[in-house]
Amino acid sequence: MRAGRHPALAETALTPFWLDRPAAAIDPQPLLSGSTDADLVVVGGGYTGLWTALLAKERHPHLDVILLEADRVGHAASGRNGGFCSASLTHGLANGLDRFADELHVVERLGRSNLDAIAVTLTRYGIDCDWERSGDLAVATEPWQAEELAELAPIVREHGAKAHLLDISAVRAELNSPTYVAGLWTEDDQAIVDPAKLAAGLRDACLSHGVRIHEQSPVTAVTAGRTRVTVGTPHGSAAAQRVALGTNAFRPLLRRLRWQMVPVYDYVLMTEPLSAAQLTSVGWPRRQGVSDSGNQFHYYRLTADNRILWGGYDAIYHFGSAIRPELERRPATYDRLAHHFFTTFPQLEGLRFSHAWAGVIDTCTRFCAFFGSACSGRLAYALGYTGLGVGASRFGARAMLGLLYGGDPDVTSLRLVRTKPLPFPPEPLRYAAVQLTRWSLARADSNGGRRNLWLRGLDRAGLGYDS
């Protein structure tokens, strides 16, 4: 099956680039068989679960920690994302101002500290994941987007970031596209990484601390007893004093969470490596991670071998919160992304895409992660990252451990941690509301950014849906 009709997609492999390399083939860990006990059971082998297990062992070395993964460590979002590791814990400053203005200075400081700590961890454990702290470049392709970036720039600086507002010539000197009219470069608040290498490195760090990792062990039930919580898998069970859930976009094990998160498919293309001449034609001397500034936006970055990852724009929700492998095959979206790519970089015409893939994002109505506990404080959860979890997942792990074990009031006292997003409606209203919102966002993009009555109503209600 071809990825799409565009000529650049003729020989594209429908598989995640990051996982389609020999380095991604790490030794499997045994499935959980029989009954066992532990001090802490972590459910989920993505970034949230890996950070939780690692931080737990670093802070409490005596703990016996088990990590259970339904498939292979890093096979889902943590091995499929764009590799943007941001300092933001609120999915951008504008969203943080809308929802957490009273504590945003503190949250921004904690976010930068979190990003610094990730860099320290990579050095400590020798994790080679092509880490480049090159910053973030937001580009405007329409005048109304340029006006919004100009309004945002002083607010970004006020909250401690080194931000540079770029006019049309300055932004095209950073990255040469005829579509750009302005930009905002924030120097140090984002890194780009190889996401699968990061997941593999965190896995090895966990193993070095004695974390017991069991793959091919999907958790099917959580049962709270008087003193312990038991999680069940098809071939075994584990009883623990504490449980941390890091299942993200997959069906929540706590029923209450099924109203607060929806899985949304995000689609990505990866080019073949650029030649020296092609790279010169686009410039990109600082190698920033880039996003454009529409409601329906693209994100893109260079890899270590100078490919361009190009993703975003379409965010697809399927009725009933469906997650199935065949939903990753969406030729119309891959075609759309390819056309958008060459509109942005016409000088790269003739370049081909080597890989196309999709992943599921855990989306909530406040656009950033939320946290909580259950089972009389013996179970904690973190989810709802809405596509910005590469960096924020470490903070999510810290929040869960604070809720489970105490001792981290700087985090657990935050309204960001104590409050929850508003729920999504049940089906069929959920599907209808998502489709109406996507249509309205597209209309706003084509209408100078002006939001219609539906979007304004969502704003007033504190709800939202981001592409």
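Biologist: In which loop is Asp130 found?

Modeller: Asp130 is found in the loop between α4 (104–125) and β4 (136–140), where the names follow DSSP runs numbered from the N terminus, a helix being a run of H or I of at least four residues and a strand a run of E of at least two. The model is a predicted one, in which local features need pLDDT of at least 70 and side-chain atom pairs count only at pLDDT 80 or more, while totals for chains, interfaces and linings use all residues. Residues are numbered from 1 along each chain as its sequence is written, and side-chain values use heavy atoms, with hydrogens and water left out.

Biologist: What is phi of Asp130 near, and is Asp130 buried or partly exposed?

Modeller: Phi of Asp130 is near 55°, which is a positive value in a residue other than glycine. With a relative accessible area of 23%, Asp130 is partly exposed, a class that lies between buried (under 20% relative accessible area) and exposed (over 50%), computed with a 1.4 Å probe on protein chains only.

Biologist: Where is the place of Ser321?

Modeller: Ser321 sits in the loop between β15 (308–316) and α9 (331–344), and phi of this non-glycine residue is positive, near 55°. Ser321 counts as partly exposed, at 22% relative accessibility.

Biologist: Which residues have the most contacts inside the largest nonpolar core?

Modeller: In soluble globular proteins, nonpolar side chains tend to be buried together. A nonpolar core is a set of buried Ala, Val, Leu, Ile, Met, Phe, Trp, Tyr and Cys residues joined through side-chain atoms within 4.5 Å. The largest one here has 64 residues, and those with the most contacts inside it are Leu40, Val65, Leu198, Leu202, Phe371, Phe395 and Leu416. Helix α10 (residues 389–405) gives the largest share of this core, eight residues. Apart from this core lies another, of 38 residues, including Leu9, Leu175, Leu269 and Phe342.

Biologist: What does Leu416 touch?

Modeller: Leaving aside residues up to four places away in sequence, the residues that Leu416 touches include Leu89, Phe100, Val107, Phe371 and Phe395, where contact means heavy atoms within 4.5 Å.

Biologist: At what angle do helix α1 and α10 pack?

Modeller: Axes are lines fitted to C-alpha atoms, for helices over the stretch in contact, and angles run from 0 to 180 degrees between N-to-C directions. Helix α1 (residues 47–59) packs against α10 at about 50°, with their axes 8 Å apart. That makes α1 oblique to α10, since angles under 35 degrees count as roughly parallel, over 145 as roughly antiparallel, 65 to 115 as roughly perpendicular and the rest as oblique. Among the residues that meet are Trp51 and Leu55 in α1 and Val390 and Ala397 in α10.

Biologist: How do the axes of α13 and helix α14 cross?

Modeller: The axes of α13 and helix α14 (residues 453–461) cross at roughly 115° and come within 9 Å, and that makes α13 roughly perpendicular to α14. Their contact is made by Ala433, Leu436, Thr437, Ser440, Leu441 and Ala444 of α13 together with Trp454, Leu455 and Leu458 of α14.

Biologist: Which residues does a cis peptide bond join?

Modeller: A cis peptide bond joins Glu427 and Pro428, with omega about 5°. Pro428 lies in the loop between α12 (415–418) and α13 (429–445). Pro426 is also found in the loop between α12 and α13, and at 40% relative accessibility Pro426 counts as partly exposed.
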